[in-house]
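Work through the exercises below with the sequence and the model at hand. Each task is followed by its solution.

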Amino acid sequence: MSGETSPPLARSTLDRAAHRRGDAQWLTEAWLRARVLLLDSTDEGRTLARTEASPPALVLFGAADVPAGSESIAMFLGVEPDGVPVFAVDTPLPVLPGTRAVNLREVGHLLGDREAGIFTTALALVNWHTRHGYSAATGAPTVMDEAGWSRVDRNGGRIWPRTDPAMIVLVHDGVDGPDGRCLLGNNAGWPGTPGGRRYSCLAGYVEPGESAEAAVLREVREEVGIGVERIGYVGSQAWPFPGSLMLGFLATADPTDPVEVDPSEIAYARWFTRREIGAALAGRTVDVGDGAQLILPPPSSIALFLIHRWLDGWVDADR
């Protein structure tokens, strides 16, 4: 079991200090003593990390060590518990001995609370800025303002960062013990993996005018053709690929109801026992047909967190 009490990208130690975002004098002074995270938006939002450390350590620079002029495009992330401000800059990464470029999917679950929060916030902001160079209302170009927390056009029209709410649910049969089952799906849009097939929780965006719970009911019905009950909220985390907020749920369904997938969204869907999920988590082969073995969601995802929550309280001596 994971033992984690919150999703992997829901951790942070930063004080966002939002009241400082419009204080130009404070920001100018703060930049001089700041820690700065560099990200490259042209390369999946990668940053540098010292991966020989355990957990991996992000490389944060002093203001004097980053490209000249970076202060004009720096995004203020917040203030650390020791009082030091933290900024992020979207720029090509330097070559630094003992480091390598990493993305958040790859290392998010390995980072400590401090660095997970810094990386997640920085990537979410960078991705928002790269997609909002123009006003949706007027088509006019926009520029960064408020230390990265808004953009403004030449007429003063302002836009602020937004996240797209999405629900993700682990559907299960409500049965305790090793033979209890959960329903996972393989998204039709996922690339194939030789010898494997990835299964994950069902998910979808919350539509306008819809509650998150209503989205759970609708998406499960649309994707696999069954109804769910006992919808329970578990937790949330940012998923800045490019800008979602994943709202995690558990819900129950009757495994005797026929699974009827929408092939435009789901290629495969099936029920798995706790015994099978436990075996896959332990690195053992679980056959899913056609010579493929079960691949579970990546460790930085809230999907795997939900799967672990479902497994909580069950111990298989074979694991």
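Helix H3 contributes the most to the lining of the second largest pocket, 6 residues. Helices (H or I, at least four residues) and strands (E, at least two) are DSSP runs numbered from the N terminus. The model is predicted: local features need pLDDT of at least 70, side-chain atom pairs count only at pLDDT 80 or more, and totals for chains, interfaces and linings use all residues. Residues are numbered from 1 along each chain as its sequence is written, and side-chain values use heavy atoms, without hydrogens and water.

**Exercise 1.** Describe the second largest pocket and explain why it lies between domain 1 and domain 2.

*Solution.* Step 1: its volume is about 390 Å³. A pocket is an open set of points on a 1 Å grid over the protein atoms alone, where a 1.4 Å probe fits, with protein on both sides within 12 Å along at least five of seven lines; lining residues have an atom within 4 Å of a point. Volume is the space filled by probe spheres set on the points, which are joined across faces, edges and corners.

Step 1: 24 residues line the second largest pocket, with Arg16, Thr121, Ala124, Thr163 and Ala238 closest to its centre.

Step 2: domain 1 (18–159) and domain 2 (164–312) both give residues to this lining, so the pocket lies between them. The domain bounds come from an automatic or database assignment.

**Exercise 2.** Which element gives the most to the lining of the largest pocket?

*Solution.* Step 1: the largest pocket, of about 670 Å³, is lined by 27 residues.

Step 1: E14 gives the most, with 4 residues.
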